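Dear colleague,

Please find below the structure for your review. My findings follow it.

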Amino acid sequence: MAVKDWSDGDLLTPLAMNDLTSQMYMRFANVAARDAFLVGDYAPTAGMSVFMMDTNMTLVYTSVGGNNYWAPLPGTLCFYAQQVNAQSVSLNAITGYTLANHGNRNYGNWFDAASGKFTPAVPGIYEFTGGVSLTTSASGAGSHRVGFRLNGTGGTAYNLNSGSWAYAPQGSFTTSFSTRRFMLLLNGTTDYVELVAYSNPYAATTVTGAMAATFSAKYVGQ
Amino acid sequence: MALKKFNDGDVFYSEDMDSLVTGSNMRFPNAAARTAALVGALAPVDGMHTVLSDDGRSYRRSGSAWLPQPGTVLFSVASTNSVSVASGGLVVLGNWNTNLLGTRNWGNWLDINSGTFTTPISGYFEFAGAVHFGTPTNTGPRCIWVSAGLGTTYSYQGNYTHQYNGAFQLSLVPGVVYIPATGAAYLRVYNGGTPSAITVTPDANSPALFSARYMGS
């Protein structure tokens, strides 16, 4: 496939037509239709863009480290999850949130609502945001934090430092805060990220709050 | 228009050229020219891309509407107006008196006066904001957040503070909110658990800020 500068008298060949077609925003009903069509002369090459009508997403064929992927367009929202049920945060322990995928945005089902883990299948840089609302118990007071956890480990700098910290006095107070906008390079195979909370009050804290917690990720690119 | 694989001996039909044209990133001087051109065999279909010269924006067709491309900034406004929030009060910030994008306000989806952001489509939107407060005389939790509708089902929380005396500022780190079709969103200030009102007192150095970006459907 090559870009061609046309001149008067040039012959319009099938190869030239296929070149042009493969450089369009090709639209497909779903993944099966895309993969059935893009073979032979139309076999995907790096940089090819397609629009998926079932998910309203533009994908770019991307080559990373010798492997090829249909990656979202950089800047694309990969998923958006929202808290459904109230949840307790253990004292002095990092607790992962249980969130439900919301709407129809969950590219590749990379976000697993059952575990709360986001595990992308394309290596690259991802940007995370989140917000939580905590309601302290009447006897609870102390610090509350929210952040992101990489690969379930408890001691990395990505954890609670990636979020916000708040202090609530003793009593039943609602504490709301958002995380920082935070970016991570993920390997596209085993790396996963969770939204987590940490509470260090004098009594147990219940993650109810006035509003549901949210967690989302964007694909930023390579 | 259907995609076609060309082989030796194929006849090149006009519909083949139409298919190529409608799959490209089409450029028009304005919306009227686009409407006039995209009829018949070239009628808009989902996923079609166009660019208009008069506003410099890129559009994507979805259903019966031309929507912003995901990532497009819809509005960014500021306000230097003071707003009093009663104890336990929840106030929608409005009267945004400075448009930081000149005259840009996609589809006028943000009502500058009421502060209501109304979208004709369901989808995901990324909001950011900041609010500066004058000196409170009492302690209490204060926070800002964006919510879709006046309920709290669809919302994104801003940072919270349990503020003692002294002016302070709260920020809403950019975050995503899902908004149902024909839904609305607002930047709101909450002043809870205190016996006194608090005043949003922006000035030239620290106006209230509110912005949104479309993230797709």
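Over all chains, the count comes to six salt bridges. Please note that this is a predicted model.

Within chain A, the side chains of A:E194 and A:R149 form a salt bridge, at 3.0 Å from N to O. This pair connects distant parts of the chain, 45 residues apart: A:E194 belongs to strand 16 (residues 193–201) of chain A and A:R149 to strand 12 (residues 142–150) of chain A. A:E194 counts as buried because its relative accessible area is 6%, under the 20% cut-off. A:R149 is likewise buried, with a relative accessible area of 15%.

A salt bridge also joins A:D35 to A:R34, with 3.0 Å between the closest N and O atoms. Are these two partners buried or exposed? A:R34 is buried, at 5% relative accessibility, whereas A:D35 is partly exposed, at 40%.

In chain B, a salt bridge is found between the side chains of B:E126 and B:R213, at 4.0 Å from N to O. Here too distant parts of the chain are linked: B:E126 lies in strand 10 (residues 123–133) of chain B and B:R213 in strand 16 (residues 208–214) of chain B, 87 residues apart. B:E126 is buried, at 4% relative accessibility, while B:R213 is partly exposed, at 27%. The pair is also part of one network, in which salt bridges that share partners join B:E126 and B:R213 with A:E127 and A:K218.

Turning to polar contacts, the side chain of A:T129 makes one with the side chain of A:S216, at 2.9 Å. A:T129 is placed in strand 11 (residues 124–135) of chain A and is buried, with a relative accessible area of 3%. Its C-alpha atom is separated by 9.1 Å from that of A:G147, which is 18 residues away along the chain.

A:L12 counts as partly exposed because its relative accessibility is 41%, which lies between the limits of 20% for buried and 50% for exposed.

With kind regards

Technical notes: Residues are numbered from 1 along each chain as its sequence is written. Chains are lettered from A and ligands numbered from 1 in the order in which they are written. This is a predicted model: local features need pLDDT of at least 70, side-chain atom pairs count only at pLDDT 80 or more; totals for chains, interfaces and linings use all residues. Side-chain values use heavy atoms; hydrogens and water are left out. Buried means under 20% relative accessible area, exposed over 50%, partly exposed in between (1.4 Å probe, protein chains only). Helices (H or I, at least four residues) and strands (E, at least two) are DSSP runs, numbered from the N terminus. A polar contact is a pair of N or O atoms within 3.5 Å; within protein, one must be able to donate a hydrogen and the other to accept it, and residues adjacent in sequence count only if both atoms are side-chain atoms.
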